[in-house]
Amino acid sequence: MSLSLRPKNRNLLLSFVICLFYFSAVFSQQIQIKDLLNTPWVYDGQEVIVRGEVIGNVMKRKDGVWFNVLDETGAMGIWTESLDVYLQGGSYNRTGTIVLVKGFFNRACPKHGGQIDIHSNEIDIISDSTERQHPLDKGKLKILTLLGILFLVAIVFNFILIAKRKRWLKNSA
Ligand SMILES: [Zn+2]
């Protein structure tokens, strides 16, 4: 079967594929924050879901709560009018609460001075905040090992020199 389409049909097919791509992007379960940052016009006013770690301070305001969510690709400000779960922001010593946030994405929020944000009414906790482990830095470990070896070599070399000098003094006496 040959698949030779007339240019007009080919353009139609191409448009269809592009539409499908955009629709699948808009209706996909979860969106990477970098996609919201890089192509905000695609998602503006749409309901989106992002998943990530709460970072920094959870800021209470008169009419709601602000917090930031960080996924592997970027960070996004989340606004909610009522927060009924406990969120702990991540820091050097703690991993923040991991959340799934469902809400409406604003490319330029009219309520918040034109900033980019998500207004959420559904925040689910995936996992609670935990203490962060800091494994010994591999680079530092290598340098320490190297210094240790150099130190031992220096001590051994020193002993050899002392022994040689003693023998020389004995022989010349
Ligand atoms: Zn807003």
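This presentation describes the fold of one protein chain, from its overall make-up to single residues.

The structure is a predicted model, in which local features need a pLDDT of at least 70 and side-chain atom pairs count only at pLDDT 80 or more, while totals for chains, interfaces and linings use all residues. Residues are numbered from 1 along each chain as its sequence is written.

I begin with confidence. The pLDDT is the predictor's confidence in each residue, from 0 to 100. The protein chain averages a pLDDT of 89, and 89% of the residues score at least 70. Among the elements, helix H1, residues 7-27, has the lowest mean pLDDT, at 65. Strand E3, residues 75-80, has the highest, at 98.

Next, the overall make-up. Helices (H or I, at least four residues) and strands (E, at least two) are DSSP runs, numbered from the N terminus. The protein chain has 4 helices and 7 strands. Along the sequence they follow the pattern α-α-α-β-β-β-β-β-β-β-α.

How do the strands come together? In the order E1-E2-E3-E6-E5, 5 strands close into a barrel, and the pairing is mixed. Neighbouring strands of this sheet are turned by 50° against each other on average, direction ignored. For such angles, axes are lines fitted to C-alpha atoms, for helices over the stretch in contact, and angles run from 0 to 180 degrees between N-to-C directions.

Let us follow the pairings around the barrel. Two strands pair if DSSP finds at least two bridges between them. Strands of a sheet pair through backbone hydrogen bonds, either parallel or antiparallel. Strand E2, residues 64-70, pairs with E3 in the antiparallel sense over 6 bridges, and Phe 67 stands opposite Ile 78 in E3. E3 and strand E6, residues 117-127, run parallel and are joined by 3 bridges. Here Ile 78 has Ile 118 of E6 as its bridge partner. Strand E5, residues 98-106, runs antiparallel to E6, with 9 bridges between the two. Within this pairing, Lys 102 stands opposite Glu 122, and Phe 104 has His 119 as its bridge partner. E1 and E5 also pair in the antiparallel sense, over 7 bridges. Lys 102 of E5 is the bridge partner of Ile 49.

I turn to the interior. A residue is buried if 20 or more other C-beta atoms lie within 10 Å of its own, exposed if 12 or fewer, and partly exposed in between, with C-beta atoms placed from the backbone. Buried residues make up 15% of the 173 residues. A nonpolar core is a set of buried Ala, Val, Leu, Ile, Met, Phe, Trp, Tyr and Cys residues joined through C-beta atoms within 7 Å. The largest nonpolar core has 16 residues, of which Val 50, Val 69, Met 76, Ile 78, Val 101 and Ile 118 touch the most other members. Helix H2 (33-38), E1, E2, E3, E5 and E6 each give two or more residues to this core.

Two residues are in contact if their C-beta atoms, placed from the backbone, lie within 7 Å. Setting aside residues up to four places away in sequence, Val 69 touches several residues, including Val 50, Met 76, Ile 78 and Val 101. Among contacts between residues at least 6 apart in sequence, 52% join residues at least 24 apart.

Two further residues show how separate parts of the sequence meet. Arg 51 is found in strand E1 and counts as partly exposed, with 18 C-beta neighbours inside 10 Å. Beyond four places in sequence, Arg 51 touches Gln 30, Asp 71, Leu 100 and Ile 126. Asp 44 has its place in the loop between helix H3 (40-43) and E1. Its C-alpha atom is separated by 8.1 Å from that of Phe 104, 60 residues apart along the chain. Apart from neighbours within four places in sequence, Asp 44 is in contact with Phe 105 and Arg 107.

Finally, helix H4. This helix, residues 138-172, has 35 residues and reaches 51 Å from its first C-alpha to its last. That is close to the 51 Å expected at 1.5 Å a residue, where the expected span is 1.5 Å times one less than the number of residues. Is H4 buried or in the open? Of its 35 residues the number buried is 0, so H4 lies largely in the open.
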